[in-house]
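Here are my notes on the packing and the rings. Have the model open while you go through them.

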Amino acid sequence: MLLTVILSLLSVIIIILSYILVKTGKVSDKIQSAVILCGFAVQLIAVIASFFAGNSFTAMSIAVMAADLFIGLPKILYGKITNKKIIYFIENNKKWLTGIAVGTAAVLLFEAFICNFGAFNLIMPSSPNEMILPLSRASVNGSANSSDVITVNSGETVSIEFTNINYDVRTIYADVELSGDAGEGTIEIAYSDETTAEYRYDAHLNYIGGNENSKYIICSFSGKVGNMKFNVKAPDGSTVVLKDFSVNKAIPFHFSWIRFIIILAGVLFLITLAYCSLMKRECGKSKSLLISSVVITAVFVLIGTGLLFVREDMFSDLFSNPDTNQINKELVDAFEAGQVSLLETPPQELLELENPYDYLTRQSKGISYLWDHVLFEGKYYSYYGIGSVLMLFLPYHMITGKYFSSLLASFIYSIIGIVFLTLTYFVFIKRFFPKISNGIATAGLVIVQASSFIWYLMIRGDIYELAQTSGFAFLMSGAFFLLSSGVIGKGKVSRVKICISTVLLSIAVLCRAVLALYCVVALLFIYAGVKKIVKTSENPTFKANKKPIITFLLAALLPFVLIGSVQMVYNYLRFGSVFEFGIKYSLTINDFTHIQFHIPIMLIAFYNYLFTVPKVSTVFPFITTNYDSLSVNGYCFLSSFSACGLIFRAVPVLGYVFGGKAYKKSSNPNKRLAAIIIISGCIIVPFIQMFLVWSNGYTPRYAVDFAWQMIFGAFAILFVLHEHISEPMKRVMYFIFAVSAVISVVVNFALIYEYIFDYGSMPIYISADVRRSMASFARLFEFWNIM
């Protein structure tokens, strides 16, 4: 093993040294090629040696050989290429191709030597040999043991002690198997060494069911170990089976393709942004943004699809036994029965309460009721939007006689929203900022997709998530057609597209009432369309353009009126008022009929959505929530601790600081209207939505209603500035966007991982097999955990 490692390191040093010598002018290109070949030969010997030794270091030596090839082979092959097109391509992309080769080699070496550093712990000839500690030699719970296998049942704890070991301990291996509901277990290790005869309790082995590498730890004890005690507790709902312990058993080398590909993807993304000539071109002059948009969207869709498979408990029953709730079943049944109240009637003891909306009273008296349903004049109603009921669930049930899965619907709506978010962003860039470089635009797309908050909604599929994912899908598609309609920017005004836009925006409101605020913002776009019709006509007066203005306004406003009337009639049939949505009558976390507004409670959501600083740790996923209640003395419901300010999830949102400067420098003749649209749609409406959640409490999923809008507004400001700053400052902005894209992905998905597996009700939906797989995934990036 030691020979393999030495030869591998030597080969890398030789090849790198060849480049250094050429740079100093001490050797010619031919000599450099010969030195590189010498490095290859050294590493080939390392591969052969490890292969015949039959140890796990064969994978390491092959990884180093691949790294050597990526570093040295381009130099050797370059002079041999005769094809002019290939030569031209290489010459114009030399830095990028070099970066790809060096970056790939660096990741290979990182995987080989850093991620697997534990495998080198015992490679020295002077390292202590392996010693097996059979259970028959131990005392268990203070008594002598004669068994070769120990079984620990759920909730039980067994103490296994070995005395008079008197041996240098570098690693510990536990031959342990875990079955049942838990994905992970912990063995607490106490030991005495040459510094103390008493036990120290500062070592532990965190093992994962089915993961062999997780059964090892590296020990940092002082001198020879005298005694060791292993306290094994079986997690609830699980059984632990122990066979023996070993000390100084070599940790096997494990090349992880998953870890390698993920790290390599991040590295190559940054290298491409930094050195690829296509990324430096203007968006309006190439198709690079289209290609990168398709690739990025496909990656995010694949990630979303992967998240769906986390729900093994429901995935197999999406059609045969679908999940049901108010939206996809109860409202469907009520509408088919010709009524707006739900079919189930409230129990008499609930109706007889002095205040049936008092959550704690209902709970203390043990009264049965439908959670988060509306109780009004002795009947149950639903305050959730009916957009998805009318568009999907009711037609599906009428045609098939079955109920469409809420989980699958949430997933489909989420994917639609993700795709239209890209399309909206693409139009936003191409129509208004075609001079922005492809690199900045690509990084911006990564940021807005990672920070959309749709990831908190995709795999729960409850009424809350269903309402928001459907609203998100229709709002995003409506925004796409709104920006594509030509009412602002270049191009002709399209009555068809503006009509489609307002139809979709109206349906979004039917799904989620709070999105009506964006319909108000859409009126500004419609006003801009009227102005454009007049301005671009032969006779630029309102009087001369009555007919085109009227047809445009009918196309734009009629959907608002017709679909909005559906909501108003529905409100009136339920509560006798077209403006009453019924949420204050809901049987939920609080009594909304008596709740009082307090500014400190409102500020909790505002602070956590925008300014909360995330915590950083060495435990996967490394970025953790930092929810802050602001020490408010009053009740504020908390649905999930997953809090992190948008300014840390999407750093360029800080661009609002330069809003005044951007407005002054802008050469847009309609910059006043553009500023009003940004202020209203990207600042005021999101702020209103944050303030409105004070009564419902904090939960990260609400941000799906306003996060992307705030990011778009900040981008608009920065992109306007980009046209008026110097080249050095443009490079600074380029760098900020590139780094921010990586930060955004890391921060957002770390918090989503934490949300899914650690907080709220999500963990109960995840099977033990999935938990074990995700724990193993976490350990890949927490490779120092064996310490």
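Which residue lies over the face of Y369? R362 does, at 4.3 Å from the ring centre; a charge sits over a ring if NZ of Lys or CZ of Arg is within 6 Å of the ring centre and within 35 degrees of the ring normal.

1. Ground rules: this is a predicted model, where local features need pLDDT of at least 70 and side-chain atom pairs count only at pLDDT 80 or more, while totals for chains, interfaces and linings use all residues. Residues are numbered from 1 along each chain as its sequence is written, and side-chain values use heavy atoms, with hydrogens and water left out.

2. Another charge over a ring: K671 has its charged end 4.8 Å from the centre of the Y663 ring.

3. Y425 and F712 make an edge-to-face pair, 5.9 Å centre to centre with 75 degrees between the planes. (Rings of Phe, Tyr and Trp, the last by its six-membered ring, pair with centres within 6.5 Å; planes under 30 degrees apart are stacked, over 60 edge-to-face, the rest tilted.) Y425 is at 0% relative accessibility and F712 at 7%, so both count as buried (under 20% relative accessible area, 1.4 Å probe, protein chains only; exposed is over 50%, partly exposed in between).

4. Disulfides (cysteine sulfur atoms within 2.5 Å) come to zero. For C511, the closest cysteine sulfur, in C519, is 11 Å away, too far for a bond.
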